[in-house]
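Reader: I would like to work through this structure with some questions. Please keep the answers plain.

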Amino acid sequence: MARVENSIFEVDEDRCFGCAACVALCPVDALTLEGIMAVVDEPKCTHCEHCIPACPVHALAIVPEAD
Ligand code: SF4
Ligand code: SF4
């Protein structure tokens, strides 16, 4: 699956509480848990969106890249 142009996958640090649901789902291991926070290795992320609906607090999104 192609990455979304000019966009990045982001974890909302204010929402994430480290449940690790997303970490377990990522097919390319782009997510790791650091303490109580999911951290993305963004260049590794394929923007497949598999993990996005799994987050109970809607902390995951693909957003336009900042200028
Ligand atoms: S969008 Fe896909 S590749 Fe990116 S972190 Fe989520 S599951 Fe992994
Ligand atoms: S599923 Fe949501 S709350 Fe759970 S670790 Fe991932 S981003 Fe954080």
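Reader: Which residues make up the largest nonpolar core?

Author: This is a predicted model, and the answers below rest on it. A residue counts as buried if 20 or more other C-beta atoms lie within 10 Å of its own. The largest nonpolar core has eight residues, and they are Cys22, Cys26, Ala30, Leu31, Ala38, Cys51, Cys55 and Leu60.

Reader: What share of the 67 residues of the protein chain counts as buried?

Author: The cut-off is again 20 or more other C-beta atoms within 10 Å. Over the 67 residues of the protein chain, the share that counts as buried is 13%.

Reader: Which residues does Cys22 contact, leaving aside its neighbours within four places in sequence?

Author: Cys22 belongs to the largest nonpolar core. Two residues are in contact if their C-beta atoms lie within 7 Å. With neighbours within four places left aside, the contacts of Cys22 are Leu31, Ala38, Cys51, Ala54, Cys55 and Leu60.

Reader: In what order do the elements of the protein chain run from the N terminus on?

Author: The protein chain has one helix and four strands. The helix, helix 1, covers residues 21-25. From the N terminus on, the order is β-α-β-β-β.

Reader: Is Leu25 buried, exposed or partly exposed, and why?

Author: Leu25 lies in helix 1. Leaving out residues up to four places away in sequence, Leu25 touches His50, Cys51 and Ala54. A residue is buried at 20 or more C-beta neighbours and exposed at 12 or fewer. Because Leu25 has 15 C-beta neighbours inside 10 Å, this residue counts as partly exposed.

Reader: Which residue of strand 3 is the bridge partner of Leu33?

Author: Strand 2 spans residues 31-34 and strand 3 spans residues 37-40. The two run antiparallel and are joined by four bridges. They form a hairpin with two residues between them, and Gly35 in the turn has a positive phi of about 65 degrees. In strand 3, the partner of Leu33 is Ala38.

Reader: Why does His47 count as partly exposed?

Author: His47 sits in the loop between strand 3 and strand 4. Its phi is positive, about 60 degrees, although His47 is not a glycine. His47 has 16 other C-beta atoms within 10 Å, so the class is partly exposed.

Reader: How many C-beta neighbours does Glu49 have inside 10 Å?

Author: Glu49 is also in the loop between strand 3 and strand 4. Glu49 is not a glycine, yet it has a positive phi of about 75 degrees. Glu49 counts as partly exposed because its number of C-beta neighbours inside 10 Å is 14.

Reader: Which residues are the closest to ligand 1?

Author: The shell around ligand 1 holds 14 residues. By class, ten are nonpolar, three polar and one charged. The closest are Cys26, Cys45, Cys48, His50 and Cys51.

Reader: How many charged residues are in the shell around ligand 2?

Author: Ligand 2 is surrounded by 14 residues, and the closest are Cys16, Cys19, Cys22, Ala38 and Cys55. The shell has 13 nonpolar residues and one polar residue. The number of charged residues is therefore what remains in the class list, and with Glu, Asp, Lys and Arg counted as charged, the shell has none.

Reader: What is the radius of gyration of the protein chain?

Author: With 67 residues, a compact globule would have a radius of gyration near 11 Å. The protein chain agrees with this, so its value is 11 Å.

How values were computed. Residues are numbered from 1 along each chain as its sequence is written. Chains are lettered from A and ligands numbered from 1 in the order in which they are written. This is a predicted model: local features need pLDDT of at least 70, side-chain atom pairs count only at pLDDT 80 or more; totals for chains, interfaces and linings use all residues. A residue is near a molecule or strand if its C-beta atom, placed from the backbone, lies within 6 Å of it. A nonpolar core is a set of buried Ala, Val, Leu, Ile, Met, Phe, Trp, Tyr and Cys residues joined through C-beta atoms within 7 Å. Two strands pair if DSSP finds at least two bridges between them. The radius of gyration is taken over C-alpha atoms; the globule rule is 2.2 Å times the number of residues to the power 0.38.
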